[in-house]
Amino acid sequence: MLAQKQPSADVFDPIDVALAYHDGDVRATISTLLADCGHLREQLVIATGCISKGLTRGWTPSLERKA
């Protein structure tokens with residue numbers, strides 16, 4: 001007898017999770033995501049100043065996403 005496939009409990013939509021965290025408030029969700037993005041950009045600027053090119057074999061972080 002073959003076991004029926006059940007959807008994994010580990011599969012979730014991150015957008016739904018973010019909206020649920022803010023009780024469906026879209027503006028609050030966007031505000032939090034923008035604040036998180038700003039914080040991560042600040043952290044990247046700090047890391048850029050601390051990481052030597054030798055450590056990363058010539059790679060340097062970029063603030064802009066590549067398409």
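**Surface, helices and side-chain pairs**

Analyst: In this predicted model, Val 26, Ile 30 and Leu 34 make a nonpolar surface patch of about 290 Å².

User: Is Leu 34 buried or exposed?

Analyst: Leu 34 is found in helix α2, which covers residues 26-50. Its relative accessibility is 59%. Because the exposed class begins over 50%, Leu 34 counts as exposed.

User: Which residue forms a salt bridge with Arg 41?

Analyst: The salt-bridge count comes to one. The pair links distant parts of the chain, with Arg 41 in helix α2 and its partner in the segment after α2, 23 residues apart. The closest N and O atoms are 3.7 Å apart, and the cut-off is 4 Å. The partner of Arg 41 is Glu 64.

User: Which accessibility class does Arg 41 have, and which does Glu 64 have?

Analyst: The relative accessibility of Arg 41 is 33%, so Arg 41 counts as partly exposed. For Glu 64 the value is 55%, and Glu 64 therefore counts as exposed. The classes are thus partly exposed for Arg 41 and exposed for Glu 64.

User: How many disulfides are counted?

Analyst: A disulfide requires a pair of cysteine sulfur atoms within 2.5 Å. Cys 37 is partly exposed at 38% relative accessibility, and Cys 50 is exposed at 65%. The number of disulfides is zero.

User: Which residues does Thr 29 touch, not counting residues up to four places away in sequence?

Analyst: Thr 29 has its place in helix α2. With a relative accessible area of 5%, Thr 29 is buried, because that class lies under 20%. Beyond the sequence neighbours left out of the count, Thr 29 touches Ala 18, Leu 19 and His 22.

User: How many of the eight residues of helix α1 are buried?

Analyst: Helix α1 comprises residues 14-21 and lies largely in the open. This description holds because the number of buried residues in α1 is zero.

User: Which residue caps the N-terminal end of α1?

Analyst: The cap involves a side-chain oxygen and the backbone nitrogen of Ile 15.

User: What is the phi of Asp 23?

Analyst: Asp 23 follows α1. The phi of Asp 23 is positive, near 55 degrees.

Definitions and conventions: Residues are numbered from 1 along each chain as its sequence is written. This is a predicted model: local features need pLDDT of at least 70, side-chain atom pairs count only at pLDDT 80 or more; totals for chains, interfaces and linings use all residues. Side-chain values use heavy atoms; hydrogens and water are left out. Patches are made of residues with over 30% relative accessible area and no salt bridge: like charges are joined within 9 Å, nonpolar side chains (Val, Leu, Ile, Met, Phe, Trp, Tyr) within 5 Å. Accessible areas come from the Shrake-Rupley method with a 1.4 Å probe; for residues, only the protein chains shown count as cover. A salt bridge is a side-chain nitrogen of Lys or Arg within 4 Å of a carboxyl oxygen of Asp or Glu. Helices (H or I, at least four residues) and strands (E, at least two) are DSSP runs, numbered from the N terminus. Buried means under 20% relative accessible area, exposed over 50%, partly exposed in between (1.4 Å probe, protein chains only). Contact means heavy atoms within 4.5 Å. A polar contact is a pair of N or O atoms within 3.5 Å; within protein, one must be able to donate a hydrogen and the other to accept it, and residues adjacent in sequence count only if both atoms are side-chain atoms.
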